[in-house]
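Morning, everyone. I have one structure to walk through today. Please have a look at it first.

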Amino acid sequence: MGPQSTPDLSTEASPLSLSTVAVVGLGTMGTGIAEVLTRAGREVIGIDTDEAAARHAVNALEAATARAVQRERITERERQDILARFRTFTDLQAAADADLVIEVVPEDYELKRQVFAGLDAVVRPDTILATGTNALSVTRLAADSQRPERVLGVHFFNPAPAMKLVEVVSSVLTAPAAVAAVTELAHALGKDPIAVGDRPGFVADGLLFGYLNQAAAMYESKYAIREDIDAAMRLGCGLPMGPLALLDLIGVDTARTVLEAMYAESQDRLHAPAPILSQLAEAGLTGRKAGRGFYTYEAPGSAAVVPDAESPSAADELAGGRTVSSVGVAGSGTMASGIAEVFAKAGYKVVLAARSPEKAEKAKARIAKSLGRSVDKGRMSAEARDTALAAITPAGSLDAFADVDLAVEAVAEDLAVKQELFKTLDKVCKPGAVLATTTSSLPVVACARATSRPGDVIGMHFFNPAPAMKLVEVVRTVLTADDVHATVRAVCAKVRKHPVDCGDRAGFIVNALLFPYLNNAIKMVEEHYATLDDIDAAMKLGGGYPMGPFELLDVVGLDVSLAIEKVLHAEFRDPGLAPSPLLEHLVAAGCLGRKTGRGFREYARR
């Protein structure tokens, strides 16, 4: 029966009851959504024109519920009830009695429009129609429907049974009661819904796909190998997956579709799909589902990566490095102390030089306190602590670096200061000593050119806190000698850090990918598209990030973040990298994050 007259939802006071839900499209996402709904007590009508897909969905639900029984999460009786609530059909007519229809067919506008036209002809006047798109226009689908006020987006994340985030997407045509009903349903499913407006990517994917695109472009430019890009973001940012592995999981073709939609709206070059995405997609190398994408997999659909022509091997390990038994660390701040601790625990003799003997002693006292905490937590013995502390010699001058094999600079992020320090190291350090800077944003070659031995200079970007963080970005300049590079990689292995190689350009790997993402999050708030809390929740729940972007900005410091954004913008000259005016205004107002008690949020003073 076709719709007769559609009620005016704008005056409805309470959410509608959504007890019967049809899911159109029984691929991975549709099957996952069906499982979530049936386990929450909803009657689910699964619809797919492919009978094999429908059978696969039933088998998947049977297998998932069997595992749940085995793990004693549900009883066998509950399992049978769940299975009985899921029925599959091959015709849209089966949706006639549904209270809500969720469409999750492939990301093709004409296909989705046809599904909505077919549903308009069979569902009740009060049925809500939801699209699962994350790239196409919900507003356009609504406008082409006979019931625009009852059309919205409901974006689950993959895998739907595990991921907590659901983005509820309204167009300018959507009635508030329809949004309220779907939001209440999401809560009943045990999900965390956030309300967003209609634009490609919404919140989570809108931020995520720009970052993934930049990672693909970084790989395509041969700036770093795929393994190093992925390791850098996992170890440097605590992400559950590296960006290239994630692109393979999502599907390279899907990523290209989302980015094309985002670029069409934003015209931001950061959203223009990297050519490598089109090349892989056109070749059918779409990721895990095809058995090959950025990586090669054991079989189509497998998560197991197998070696291929690009895989690094043991033969690639660098040989011919210089001998390092003593290390000088210049600086007295948190980073310098942490790096000195790392070297001392690994058995190196360490000279810790500050601007005065008092500052050096204070830095060693900080290390003693840190090592003491490790003993208290059972991570090291008291004997190992005493040995590490005895290996550190504090000094009030760089003259103490005369005999070190490796000098590591960890002073303020100011190029003039660093260049003066390197001039001094050049005079003090013995011939053949490796000179390293821990800069996170300044050109390493500028430090190298301050010396008479630029081939001995390299970047070693540790992450804070240095004792805990596994990553070191090893930054070669065009002048760095091969044996210096080999030496630093060998030292990283000895101190149990994971080195990743990158060239001497702004941001290296981590900051070049991280800070444009943070900047884009600020722009979302500037444009009143979403709130701080919703954006932070979206990235933690939908992307698996350990911290939301605004939590992270306040921890890093807004002044530090702005400085890095300015360096990236100056180097790459891309308008999309221009720092957000809101970030500049907060810094100008002295709102620098946790360290000042106020940044994007306010914090209790210590």
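Which backbone oxygen lies 2.7 Å from a polar atom of the side chain of Lys497? That of Met469. Keep in mind that this is a predicted model.

Let's stay with Lys497. Lys497 sits in the loop between α17 (482-494) and β18 (498-503). Buried or exposed? Buried, and without a salt bridge. The nearest side chain of opposite charge is Glu341, 8.8 Å away. A salt bridge here needs a nitrogen-oxygen pair within 4 Å. What the Lys497 side chain does reach is backbone: the oxygen of Ala466 at 2.6 Å, as well as that of Met469 at 2.7 Å. Setting aside neighbours within four places in sequence, Lys497 also has contacts with other residues, including Val342, Pro467, Val472 and Cys492.

Next, the open space. The second largest pocket holds about 1,300 Å³. It has 46 lining residues, and the closest to the centre are Met335, Phe463, Asn464, Val556 and Val560. Several elements give two or more residues to that lining, among them α8 (226-237), α12 (334-345) and β16 (457-462). The largest share comes from α18, with six residues.

How many cavities of 30 Å³ or more does a search of the whole structure find? Two. The largest cavity has about 40 Å³ of space. Leu100, Ile102, Val154, Phe156, Val182, Leu185, Ala186 and Leu189 line it. At least two lining residues each come from β4 (100-103), β6 (151-156) and α6 (176-188). Of the elements, α6 gives the most, three residues.

That's my tour. Over to you.

How values were computed
Residues are numbered from 1 along each chain as its sequence is written. This is a predicted model: local features need pLDDT of at least 70, side-chain atom pairs count only at pLDDT 80 or more; totals for chains, interfaces and linings use all residues. Side-chain values use heavy atoms; hydrogens and water are left out. Helices (H or I, at least four residues) and strands (E, at least two) are DSSP runs, numbered from the N terminus. Buried means under 20% relative accessible area, exposed over 50%, partly exposed in between (1.4 Å probe, protein chains only). Lys and Arg count as positive and Asp and Glu as negative; His and the chain ends are not counted. A polar contact is a pair of N or O atoms within 3.5 Å; within protein, one must be able to donate a hydrogen and the other to accept it, and residues adjacent in sequence count only if both atoms are side-chain atoms. Contact means heavy atoms within 4.5 Å. On a 1 Å grid over the protein atoms alone, a cavity is a set of points where a 1.4 Å probe fits but cannot get out, and a pocket is an open set with protein on both sides within 12 Å along at least five of seven lines; lining residues have an atom within 4 Å of a point. Grid points are joined across faces, edges and corners, and a volume is the space filled by probe spheres set on the points.
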